[in-house]
Amino acid sequence: MSLSHLLLSGAAVLMAMAAPASAAGAPKKTVVLVHGAFADGSSWSKVIPLLEARGLNVVAVQNPLSSLAADVDATRRVIDAQPGPVILVGHSWGGVVISQAGVNDKVKALVYVAAFAPPKGVSVNDLGKGQPPLPWASALEADSGGYVRLSAEGVAKYFAQDLPPSEISLIAATQGPTFAGIFDEKLTAAAYETRPSFYIVASHDGMIPPAAEAAMAKAIGAEVTELATSHIPMLSKPREVADVILAAADSMK
């Protein structure tokens with residue numbers, strides 16, 4: 001065999017070896033999960049394995065729940081640490097966080113799970129102005145530092161009423177104390193204005209009125225899925241929630 005044939009054969013082998021290595025080295029899509037008030041990252045425990053089984057990288061943020069800025073910073077650090085594109089998912093208060101933190105070149109899609117999606121310049125409390133207080137407000141327990149928790153009875157009645165008692169107790173015990181002042185902080189950036197959005201409306205939600213969820217989803221132009229669940233569909237219907245997140249991942253260019 002001539003030297004030129006040897007060189008061509010060697011080049012072909014190297015190209016064949018390099019092609020799969022390059023494909024294998026391409027960064028995975030990452031799902032970044034942002035929990036809401038009266039919760040922590042464990043609220044995504046049933047969804048995470050379903051997403052990982054479909055080849056997605058998954059990271060759950062642990063929000064300090066001390067201010068909007070602190071929660072946004074915690075979420076941005078996770079986004080910035082990912083090597084590839086991100087699907088950003090927020091539950092409840094986490095919807096405000098992802099709306100602000102999602103203004104990031106790595107974020108390609110947003111998923112709101114029974115979540116707040118206020119307009120810019122509007123706070124969560126602004127959304128409820130002129131309306132009667134929501135029933136769960138009477139179940140809040142405050143400490144001397146201005147942090148609030150939802151009582152065990154409140155979790156069972158308004159937050160997670162479609163879960164078994166053992167899971168309700170776990171949610172009540174692991175919830176992150178939430179600084180009450182965060183609900184007066186106004187959104188200053190809105191990632192949903194420039195990214196595809198998906199919204200899960202929880203039709204039996206006892207924390208955010210389902211009609212308000214539907215209205216917010218419509219206002220941001222989100223693709224809507226309605227689930228017959230309490231405020232925590234990711235724990236009561238995790239497979240259906242995972243399906244919406246997968247659809248968001250598939251929508252990414």
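Mentor: Helices (H or I, at least four residues) and strands (E, at least two) are DSSP runs, numbered from the N terminus. This is a predicted model, in which local features need pLDDT of at least 70 and side-chain atom pairs count only at pLDDT 80 or more, while totals for chains, interfaces and linings use all residues. Residues are numbered from 1 along each chain as its sequence is written, and side-chain values use heavy atoms, with hydrogens and water left out.

Within H3, the buried residues are Leu-68, Asp-71, Val-72, Ala-74, Thr-75, Val-78 and Ile-79, where buried means under 20% relative accessible area, exposed over 50% and partly exposed in between (1.4 Å probe, protein chains only). Seen down the axis of H3, these buried residues fall within an arc of 160°, so they line one face of the helix; the arc is that of the directions from the helix axis to the C-beta atoms. The partners against which they pack are strands S1 (30–34), S2 (57–61), S3 (86–91) and S4 (107–113), together with helix H4 (94–101).

As for the setting, the protein has ten helices and nine strands, and 47% of its 253 residues are buried. Of its contacts (heavy atoms within 4.5 Å) with a separation of 6 or more, 71% join residues 24 or more positions apart.
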